Amino acid sequence: MDKKRILAAVDHTLLNVDATWEQVKTLCDEAVRYQVATVCLPPAYAAEAVDYLEGKLPVCVVVGFPNGYSTRAAKVFEAREAIDNGAAEIDMVINVGFLKSGRYDAVLREIRAVKDLCNEHILKVIVECCLLTEQEKIKMCELVTESGADYIKTSTGFSKGGATRDDVALLARHVGAGVKIKAAGGIRTLQDAREYLKLGASRLGASSLVELVKKEEAASS
């Protein structure tokens, strides 16, 4: 699997709390140069990034990030504002506490409410695998499939751990037809990326893969 194929699956990501507009612009420039899938950004930079990119690449915006315990109405509002600001994709964090309390209907209603708002825009549902048991991960595969969301996403990258190969393989076995997988958090090498894609991921949330390719290019020039 060549670098171009890997980069085409990457959501080039900057979600640090201290991210500046200058850093966001650099991220956008890199994203266009290397033809990644999207740039993934905090809501506050969505409109500026959409204007800056001028249609060259889609913008993905996080919702309920990173803890997921804001209300359903708040997540719907965030998603609506992001789409109104030009975002093409939404990455929403579930309420992990609801899941662990067995409040499956509440989790499902929340995802459906955001998906209904997103309509044709892509919705990725972040389930934070590092906090879940195997059965809870399987349950989230069922709920995401039932909700009509487009992707199940392993992690925010801001909790106890990021994507693992075992988690991606598990999700691939249990998601329904039409639901894709995004592996995110801790993907630091091109070999990691290749393995996740082979295991069934269609999208990769990463902040370092473009930098790795840049360094390889510099070393070979």
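Asn-119 is exposed, with a relative accessible area of 53% (exposed means over 50%, buried under 20% and partly exposed in between, with a 1.4 Å probe and protein chains only). The model is predicted, so local features need pLDDT of at least 70 and side-chain atom pairs count only at pLDDT 80 or more, while totals for chains, interfaces and linings use all residues. Residues are numbered from 1 along each chain as its sequence is written, and side-chain values use heavy atoms, with hydrogens and water left out.

**Positive phi angles**
- Asn-119, which is not a glycine, has a positive phi of about 55°, and its place is the loop between α6 (104–118) and β5 (122–126).
- Helices (H or I, at least four residues) and strands (E, at least two) are DSSP runs, numbered from the N terminus.
- Glu-54, likewise not a glycine, has a positive phi of about 50°.
- Glu-54 lies in the loop between α3 (46–53) and β3 and counts as exposed at 62% relative accessibility.

**Barrel**
- Eight strands close into a barrel in the order β1-β2-β3-β4-β5-β6-β7-β8, with parallel pairing; two strands pair if DSSP finds at least two bridges between them.
- From one strand to the next, the twist averages 25° (axes are lines fitted to C-alpha atoms, and angles run from 0 to 180 degrees between N-to-C directions).
- Three bridges join β2 (residues 38–41) to β3 (residues 59–63) in the parallel sense, and Cys-40 stands opposite Cys-60 in β3.

**Largest pocket**
- A pocket is an open set of points on a 1 Å grid over the protein atoms alone, where a 1.4 Å probe fits, with protein on both sides within 12 Å along at least five of seven lines; lining residues have an atom within 4 Å of a point.
- The largest pocket holds about 330 Å³ of space, a volume being the space filled by probe spheres set on the points.
- Its lining comprises 19 residues, of which Thr-13, Gly-157, Gly-185, Ala-206 and Ser-207 lie nearest the centre.
- Two or more lining residues come from each of β7 (180–184) and β8 (203–206).
- The lining divides into six nonpolar, 10 polar and three charged residues (Ala, Val, Leu, Ile, Met, Phe, Trp, Tyr, Cys and Pro count as nonpolar, Asp, Glu, Lys and Arg as charged, and the others, Gly among them, as polar).

- Among the lining residues are Asn-16, Tyr-45, Phe-65, Pro-66 and Phe-158.
- The peptide bond from Phe-65 to Pro-66 is cis, with omega near -5°, and Pro-66 sits in the loop between β3 and α4 (72–84).
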